[in-house]
Amino acid sequence: MTWKPYLVRLRVLSPIHIGWRKTGNLQQTRPYVTGKTLWGALTARLVRDRGENKYQEIGAEVDEKLRFTYFYPSTISDKVERWPWDNPDWFSWVYLGSYASTAIEEKTAEEGTLHETEYIAPRTRDGKALYLIGYIIEKEGCELTWREALKRIQIGGERGYGWGRIELSDKPEKVDTCFDCDHDGTGSSPQLTVPKDSPILAHTLADAFECKGRIEPLVGRETTENKGFGGALSKAEVCWTPGSVVKSEMVFVISEKGIWHYKKTLST
């Protein structure tokens, strides 16, 4: 069994909101796109293309044949220039924006409805175009038309208002590494090796190993035939957050929807 990674470059065309948490009246966005977000958008597109209301069936097929890294903003179209955790205040100022809105009742703001939604901006503060850089890892023999589907997806929240629009800026490029981490595609799932004192780049189940960083419960919405779009909640999983630093050189398995699992330690 063989897995092959492809570098994917997505040009951001409109604000993107990746749901995270609420602080006061502010709905914060994650400063990156999760693997599950890409999985959901791609699954929804493939469902529409096939003309069948089989979200669970097609979602399971995507789980079986594709793996996703997280996607990170960058003004460079082939690599991530700054990670969100290196300088969070600078990152937020350059790459993020926010939109305030409220409900109107009789020409005045309805009490308690003022809120602000944060987003990944389509352009930086100084006007540079923004890309999302990440990898899709394909299983040998995969017949999913994911390359074509990527050209016609929206990601994140507020899509009904035109948010979440992206375009594939170039053909997915076959590569040997993911974010400069060594890739091993010979197992039942692809694996990445993270060097000592380097960050993990996706949510990683917080078991059997230690990191220097933050832990959070990861939960999201899923679409099913019975409950409709975003009507089902996934099981919460306690994870180390992206940017947490490993204390040793470690190997991680990329599982369904981009979640990492610790496999082993290579050196300390």
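This is a predicted model: local features need pLDDT of at least 70, side-chain atom pairs count only at pLDDT 80 or more; totals for chains, interfaces and linings use all residues.

Biologist: How many helices and strands does the chain have?

Modeller: There are four helices and 24 strands. Both are DSSP runs numbered from the N terminus, helices being H or I with at least four residues and strands E with at least two.

Biologist: What share of the chain counts as buried?

Modeller: Of 268 residues, 50% are buried. Buried is under 20% relative accessible area, exposed is over 50%, and partly exposed is in between, with a 1.4 Å probe and protein chains only.

Biologist: What share of the contacts joins residues 24 or more positions apart?

Modeller: Such pairs make up 71% of the contacts with a separation of 6 or more. Contact here means heavy atoms within 4.5 Å.

Biologist: How does the span of helix H1 compare with the expected one?

Modeller: H1 covers residues 35-50, and its 16 residues reach 22 Å from first C-alpha to last.

Biologist: What makes H1 mostly covered?

Modeller: In H1, 12 of the 16 residues are buried, including Trp39, Leu42 and Leu46. Just after H1, Gly51 takes a positive phi of about 70°.

Biologist: Which residues touch the most other members of the largest nonpolar core?

Modeller: They are Leu66, Leu132, Trp146 and Leu150, in a core of 37 residues. A nonpolar core is a set of buried Ala, Val, Leu, Ile, Met, Phe, Trp, Tyr and Cys residues joined through side-chain atoms within 4.5 Å. Among the elements giving two or more residues to this core are strand E1 (3-12), H1 and helix H2 (55-65). H1 gives the most, with seven residues. Apart from this core lies another, of 33 residues, among them Trp3, Tyr72, Trp83 and Cys211.

Biologist: What does Trp146 contact, leaving aside neighbours within four places in sequence?

Modeller: Trp146 is in contact with Tyr6, Val8, Leu42, Leu66, Ile136, Glu138 and Pro172.

Biologist: How do you know that the buried residues of H3 line one face?

Modeller: In H3, Phe91, Val94 and Tyr95 are buried. Their directions fall within an arc of 75° seen down the axis, so they line one face. The arc is that of the directions from the helix axis to the C-beta atoms. The face turned away carries the exposed residues Asp89 and Trp93.

Biologist: Why is the pair of Trp83 and Phe179 called edge-to-face?

Modeller: Rings of Phe, Tyr and Trp (its six-membered ring) pair if their centres lie within 6.5 Å; planes under 30 degrees apart are stacked, over 60 edge-to-face and the rest tilted. By this rule there are 17 aromatic pairs. For Trp83 and Phe179 the centres are 5.5 Å apart and the planes at 75°, so the pair is edge-to-face. Trp83 lies in the loop between strand E5 (72-74) and H3, and Phe179 in the loop between strand E13 (177-178) and strand E14 (181-184), so the pair ties together parts 96 residues apart in sequence.

Biologist: Why is Trp83 called buried?

Modeller: Its relative accessible area is 19%, so Trp83 falls under the cut-off for buried. Phe179 is also buried, at 12%.

Biologist: What makes Lys257 count as lying over a ring?

Modeller: The rule asks for NZ of Lys or CZ of Arg within 6 Å of the ring centre and within 35 degrees of the ring normal. Lys257 lies over the face of Trp39 at 4.3 Å from the ring centre. Lys257 is buried, with a relative accessible area of 17%, and has a positive phi of about 65° although it is not a glycine.

Biologist: Why is Asp197 called exposed?

Modeller: Asp197 has 55% relative accessibility, so it passes the cut-off for exposed. Its phi is near 65°, a positive value in a residue other than glycine.

Note on methods:
Residues are numbered from 1 along each chain as its sequence is written. Side-chain values use heavy atoms; hydrogens and water are left out. The expected span of a helix is 1.5 Å times one less than its number of residues.
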